[in-house]
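This report is for a reader who is new to the structure shown below.

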Amino acid sequence: MAGQRASTPTGDVPEQAQPRTRARAARLPAPRRGADAAPPTRARARAAAGRAAGRSRSGSRTRRPNPGATALAALGLPVVGAFSDELLGSAPGGVFTALTVLGTAAAAWLATRAGWWWVLTGVAPVVLASIAGAELLADRGGYGNAKALATGAAKWAVRGFPVMAAALAAALLVIVLRIVLEQKQKRSRRG
């Protein structure tokens with residue numbers, strides 16, 4: 001019959017019926033836990049994922065990163081500023097500086113803690129690429145040989161350095177502000 005133990009004659013005692021010693025018990029593997037658990041239903045899995053994504057343990061909303069908005073702020077605003085300054089007739093200047101600082105600060109606000117690294121290190125290449133792209137598209141004939149291109153690159157680096165410094169300062173200010181606000185929220189939850 002299923003589920004019943006077969007009895008053995010009194011003279012034949014199997015090894016399993018003998019009392020276990022500590023040495024024998026130590027050699028046995030631990031039972032597996034994962035195989036016996038019933039798989040979660042789809043509704044339970046969705047509910048658990050929704051709770052994990054939407055709320056933290058304390059019940060407050062968690063920060064959901066939006067990589068598209070972060071990239072648009074960090075890359076798009078400086079490019080728009082550089083091209084608008086070229087269309088206005090000035091070398092990348094006031095509009096470019098303002099939009100680059102604003103874009104970098106917005107990207108630092110929108111990014112996660114891990115994303116701050118990319119925002120801060122991406123300022124210099126974005127500024128240089130924006131200035132170079134706008135200048136090259138505005139004056140294609142002026143940069144026909146390598147000597148003119150090298151001279152132009154030096155000018156772009158000199159013009160871009162104050163913009164880079166201002167954008168980095170704005171991003172660092174936003175990051176410090178976020179850290180202070182997060183610490184304040186943690187203290188208010190505890191108290």
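Ala-108 lies in helix α4. The model is a predicted one. Because its relative accessible area is 0%, under the 20% cut-off, Ala-108 is buried. Leaving out residues up to four places away in sequence, Ala-108 touches Trp-116, Val-119, Ala-171, Val-174, Ile-175 and Arg-178. The C-alpha atoms of Ala-108 and Ala-170 are separated by 8.8 Å, although the two residues are 62 residues apart along the chain.

Gly-103 lies in helix α4, and Gly-103 counts as buried because its relative accessibility is 0%. Its contacts, with neighbours within four places in sequence left aside, are Ala-73, Ala-74 and Leu-77. Ala-98 also lies in helix α4, but Ala-98 counts as partly exposed, since its relative accessibility is 47%. In helix α7 there is Leu-172, which is partly exposed because its relative accessible area is 45%.

| Pair | Apart in sequence | C-alpha to C-alpha distance |
|---|---|---|
| Gly-103 and Val-119 | 16 residues | 10.0 Å |
| Leu-172 and Leu-120 | 52 residues | 8.1 Å |
| Ala-98 and Val-163 | 65 residues | 8.7 Å |
| Ala-108 and Ala-170 | 62 residues | 8.8 Å |

**The chain as a whole**

The protein chain has seven helices and zero strands. Followed along the sequence, its pattern is α-α-α-α-α-α-α. The chain has 191 residues, of which 21% count as buried. Taking contacts between residues at least 6 apart in sequence, 66% join residues at least 24 apart.

**Nonpolar cores**

Which residues make up the largest nonpolar core? This core has 12 residues in all: Ala-82, Phe-96, Val-123, Val-127, Ile-131, Ala-132, Ala-134, Tyr-143, Trp-156, Val-163, Met-164 and Ala-167. Two or more residues of this core come from each of α6 and α7, the latter spanning residues 146–190. The element that gives the most is α6, with five residues. A second, separate core has 11 residues, including Ala-107, Ala-108, Trp-116 and Val-174.

Val-127 belongs to the largest core. Not counting residues up to four places away in sequence, Val-127 touches Phe-96, Thr-100, Gly-160, Val-163 and Met-164. Among these, Phe-96, Val-163 and Met-164 are also listed in the largest core.

**Helices α5 and α6**

Helix α5 covers residues 113–121 and helix α6 covers residues 123–138. Their axes come within 4 Å and cross at roughly 40°. On the α5 side the contact is made by Val-119, Leu-120 and Thr-121, and on the α6 side by Val-123, Ala-124 and Pro-125. Sorted by class, this contact has five nonpolar residues, one polar residue and no charged residues.

How many residues line the second largest pocket, and which of them are the closest to its centre? The pocket has a volume of about 270 Å³. It is lined by 20 residues, and the closest to its centre are Thr-70, Ala-71, Ala-74, Trp-118 and Val-119. The elements that give two or more residues to the lining are α3 (67–88), α4 (94–110), α5 and α6. Of the elements, α3 gives the most, with five residues. By class, the lining has 13 nonpolar and seven polar residues, and no charged residues.

Some residues named earlier return here. Ala-74, one of the residues closest to the centre of the pocket, is in contact with Gly-103.

Technical notes
Residues numbered from 1 in each chain as written. Predicted model: local features only at pLDDT ≥ 70, side-chain atom pairs only at ≥ 80, totals over all residues. Heavy atoms only, no water. Axes fitted to C-alpha atoms, helices over the stretch in contact; angles between N-to-C directions. Contact = heavy atoms within 4.5 Å. Nonpolar A, V, L, I, M, F, W, Y, C, P; charged D, E, K, R; others polar. 1 Å grid on protein atoms, 1.4 Å probe; cavity = no way out; pocket = protein on both sides within 12 Å on 5 of 7 lines; lining within 4 Å. Points joined across faces, edges and corners; volume = space filled by probe spheres on them. Core = buried A, V, L, I, M, F, W, Y, C linked by side-chain atoms within 4.5 Å. Buried < 20%, exposed > 50% of the residue type's maximum accessible area, 1.4 Å probe, protein only.
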